[in-house]
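Student: Hi! Could we go through this structure together, starting with the charged pairs?
Tutor: Happy to. Let's open it up.

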Amino acid sequence: MPKRIKTPISEADARALKAGETIYMDGIVFTGRDEVHIHALEYLEKGKKIPVDFKGAALFHCGPIMKKVEEKWVAVAAGPTTSSRMNSLEPGFIEKFRPGAIIGKGGMSQPTVDAMKEFGCVYLAFTGGAAVLAAKGIKSVEGVEWFELGMPEAIWILNCDNFGPLTVAIDAHGNSLFADVNVKVKENEKKARAKLGLS
Amino acid sequence: MVTEQEDVSNAVVELLRKTVVRLPQDVEDAIRNAYASETDEVPKMQLKAIVDNIDMAIKGNTPMCQDTGVAIFYVDLPKGCKVDVGEGIVEGVRRATKEVPLRPNAVHPITRKNPGDNVGERMPYISRRIHDQDYIEITVMTKGAGSENMSQLAMLTPSQGLKGIKEFVLNGVLRAGSNPCPPTILGVGIGGSSDIAMKLAKEALLRPINVRHKDPEMAKLETELLEAINMLGIGPMGLGGKTTCLGLNIEYAYCHTASLPVGLNVQCWAGRRGTVRIYPDGKATYPTHER
């Protein structure tokens, strides 16, 4: 049985996860992408109140499609967005807010890997585009904050049940599956170039 | 009976619904084949999630991915067409955003203000041509930004030639890495001018990936590039594996003797494209979604 993890995630919980493991998640997950990162860091600097507590949180790089059914929001499609867009913002976000997990796709660059190691956070890869599968793991939408940023950029508060599968792609010990793949790709590139007659 | 603007908007709502829910057969087949042939555990799980998601989207009549793109349309009009197809499409996009629903993606490029209905300055974007048929044909690609953001243009010198083209495509795939939701589909536009190369790169994605270019030299280049890219081992979601690219299509145009423009358009695994034909009696058929 794959491991199940419940939010909020303590530093010890995060550090117990190993790159390559498959896990499923239960509890509250916040969505947040470009604008949430920018706003949260700006609000913190100005001493303005941030509507949710990111400590130990699972932050999901996701801009969902939401639908209102009888005054309640329902997640229609909620797959991950490209995490590398947040590369320049994430190390600062992890340091200031101390989330326990970032959920996204495509991985993140070395400064984020370093911040995860330092502060005890993991990167969980959810299959990009698998938005209906993701929505199935969202039991209910508990609320929305910063809705004025637009549907994709708002903070959606999701109550998750068996959300996944999630691959621990960057752990809190400096290991990254993406970095491992990159090493192999560099090696394979030589063969691909030879096939194309490139020097 | 004549086609009315409302026939067009009705057809566009249905076209968008079908397009975001179900992949064309050639793309779906390629994904299922990739899943069947993958042996490593991590990439196999990524492809299983994709295959399960495809099935769940069809079953629930739900968009397969939350990124339903921005609305870019290709329209072929009969000679002397009287109906305002442009207005019909705009209305169709507005309604589909609510009714399907689609994610409201279209924002002002600088203020980032989101009107919420996927309609704004020059959006939906519509390319029009005239054809010899009596029906209106509308094709749409609902393409996510994760892959579109990896697209590139190179203004090569003629001396860089075929090798330069291969180098540019290979480097483009390496640079994109895990970001565009691989396994990807690649559209390559060769020649024309800067704008035409990019336009051809996107239009190349309109051809089914199991159909090779009619020019045997271009067909050979498509196969060669695809095989080389699949040697890289980037794999599904960049987590390693056999399939990095599901298909690669080239379109070309003659160009200036002093230029060699090359465009690369990267498409995620969810290669959604759809076509509707609206006949003079207002009836619509959906050739990409007839199964």
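Student: How far apart in helix H1 of chain A are Glu11(A) and Arg15(A)?
Tutor: They are 4 residues apart in helix H1, which covers residues 11-15 of chain A, so about one helical turn separates Glu11(A) and Arg15(A). Their side chains meet in a salt bridge, with 3.0 Å from N to O. Keep in mind that this is a predicted model.

Student: Over to chain B, then. What does Arg22(B) pair with?
Tutor: Arg22(B) forms a salt bridge with Glu28(B), at 3.5 Å from N to O. Arg22(B) is partly exposed, with 24% relative accessible area, whereas Glu28(B) has 5% and counts as buried.

Student: Which residues are linked with them in a network?
Tutor: The salt-bridge network links Arg22(B) and Glu28(B) with Arg32(B), Asp55(B) and Arg291(B).

Student: What about Lys79(B), which partner does that one have?
Tutor: Asp132(B). The closest N and O atoms of this salt bridge are 2.8 Å apart. Lys79(B) sits in the loop between strand E1 (70-78) and helix H4 (85-99), and Asp132(B) in the loop between strand E2 (125-131) and strand E3 (136-143), so the pair ties together parts of chain B that are 53 residues apart in sequence.

Student: Buried or exposed, that pair?
Tutor: Both Lys79(B) and Asp132(B) are exposed.

Student: Which residues form the negative surface patch?
Tutor: The patch is made by Glu4(B), Glu6(B), Asp84(B), Glu87(B) and Glu91(B). Of these, Asp84(B) is in the loop between E1 and H4 of chain B. Asp84(B) is partly exposed, with a relative accessible area of 41%.

Student: Let me zoom out. How many helices and strands does chain B have?
Tutor: Chain B has 8 helices and 9 strands. Buried residues account for 58% of its 291 residues.

Student: What are the spans of the C-alpha trace along its principal axes?
Tutor: For chain B they are about 55 × 50 × 40 Å. The radius of gyration of chain B is 19 Å, which agrees with the value near 19 Å that a compact globule of 291 residues would have.

Student: Where is Lys283(B)?
Tutor: In the loop between strand E8 (273-278) and strand E9 (284-285) of chain B. Lys283(B) is exposed, at 58% relative accessible area. Between Lys283(B) and Val21(B) there are 22 Å from C-alpha to C-alpha, with the two being 262 residues apart along the chain.

Student: Where do I find cis bonds here?
Tutor: One is from Gly164(A) to Pro165(A), with omega near 5°, and Pro165(A) is in strand E9, residues 155-170 of chain A. Another runs from Val100(B) to Pro101(B), with omega near -5°. Pro101(B) is in the loop between H4 and E2 of chain B.

Student: And which residues other than glycine have a positive phi?
Tutor: Among them are Asn61(B), with phi about 50°, and Arg122(B), with phi near 55°. Asn61(B) lies in the loop between helix H3 (41-60) and E1 of chain B, and is partly exposed at 44% relative accessibility. Arg122(B) is in the loop between H4 and E2 of chain B, and is exposed, with 65% relative accessible area.

Notes. Residues numbered from 1 in each chain as written. Chains lettered and ligands numbered in written order. Predicted model: local features only at pLDDT ≥ 70, side-chain atom pairs only at ≥ 80, totals over all residues. Heavy atoms only, no water. Salt bridge = Lys/Arg side-chain N within 4 Å of Asp/Glu carboxyl O. Helix = DSSP H or I, 4+ residues; strand = E, 2+ residues; numbered from the N terminus. Buried < 20%, exposed > 50% of the residue type's maximum accessible area, 1.4 Å probe, protein only. Patch = residues over 30% accessible without salt bridge, like charges linked within 9 Å, V, L, I, M, F, W, Y side chains within 5 Å. Areas by Shrake-Rupley, 256 points an atom, 1.4 Å probe, with all protein chains shown as cover. Lys, Arg positive; Asp, Glu negative; His and termini not counted. Charge placed at Lys NZ, Arg CZ, Asp CG, Glu CD. Rg over C-alpha atoms; globule rule 2.2 N^0.38 Å.
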